[in-house]
Amino acid sequence: INAEYGEEKSHLLDSKQPAKMANDGSRDKLLGGGGGYQTQTRETQDQVDQVMGIMRNNIDKVLERDSKIQNLNERSDALQVGANQFLQTGTQLKRKMWWKNVKFMIVIGVVAVIVLGVIIGVIVSQTKKKKEP
């Protein structure tokens, strides 16, 4: 470290050697008061603990979010399956109703032909009776 930072700055990295500063209170301001290195260490540890708490909270939120996303994906998949079943059932019902409608139209057509045949038969038989005398 001494070679990297130079001899004049190495005393700042050594926690056992006090920093060489003017005795005008700037050291106390830098360290957060007159408590010295222990106060700074305690404050730093408090900040680290605070950051760790925030990170744990963030991790919990991410895990909770992941759980919610998985739940949403499962519900989305179930909804997709239901939509596909609805589509198939709707298509089958449409075909069934179309055939039912076709059969009904055929029955109505047959009945109409029969009724028309009866009417024509009655008219033809009455005209034959009038011509016979």
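This is a predicted model: local features need pLDDT of at least 70, side-chain atom pairs count only at pLDDT 80 or more; totals for chains, interfaces and linings use all residues.
**Exercise 1: the overall layout**

Find out how many helices and strands the protein has, and how much of it is buried.

*Solution.* 
- Step 1: Start with the secondary structure, which comes to 4 helices and 0 strands.
- Step 2: Turn to burial: of the 133 residues in the protein, 5% are buried.
- Step 3: Finish with the accessible surface, about 12,300 Å², of which carbon and sulfur atoms hold 60%.

**Exercise 2: a charged pair**

Work out which residue forms a salt bridge with Glu64, and where the two sit.

*Solution.* 
- Step 1: Recall that side chains of opposite charge can pair when their charged atoms come close.
- Step 2: A search of the whole structure gives 1 salt bridge. The partner of Glu64 is Lys68, and their closest N and O atoms are 3.4 Å apart.
- Step 3: Check this against the cut-off: a salt bridge needs the nitrogen and oxygen within 4 Å.
- Step 4: Both residues belong to helix 4 (residues 37-131); they are 4 residues apart, so about one helical turn separates them.
- Step 5: Compare with the surface: Glu64 is partly exposed at 45% relative accessibility, while Lys68 is exposed at 55%.

**Exercise 3: a nonpolar patch**

Decide whether Val110 is buried, partly exposed or exposed, and name the patch members.

*Solution.* 
- Step 1: Locate Val110 in helix 4.
- Step 2: Its relative accessible area is 45%, so Val110 is partly exposed.

Conventions
Residues are numbered from 1 along each chain as its sequence is written. Side-chain values use heavy atoms; hydrogens and water are left out. A salt bridge is a side-chain nitrogen of Lys or Arg within 4 Å of a carboxyl oxygen of Asp or Glu. Buried means under 20% relative accessible area, exposed over 50%, partly exposed in between (1.4 Å probe, protein chains only). Accessible areas come from the Shrake-Rupley method with a 1.4 Å probe; for residues, only the protein chains shown count as cover.
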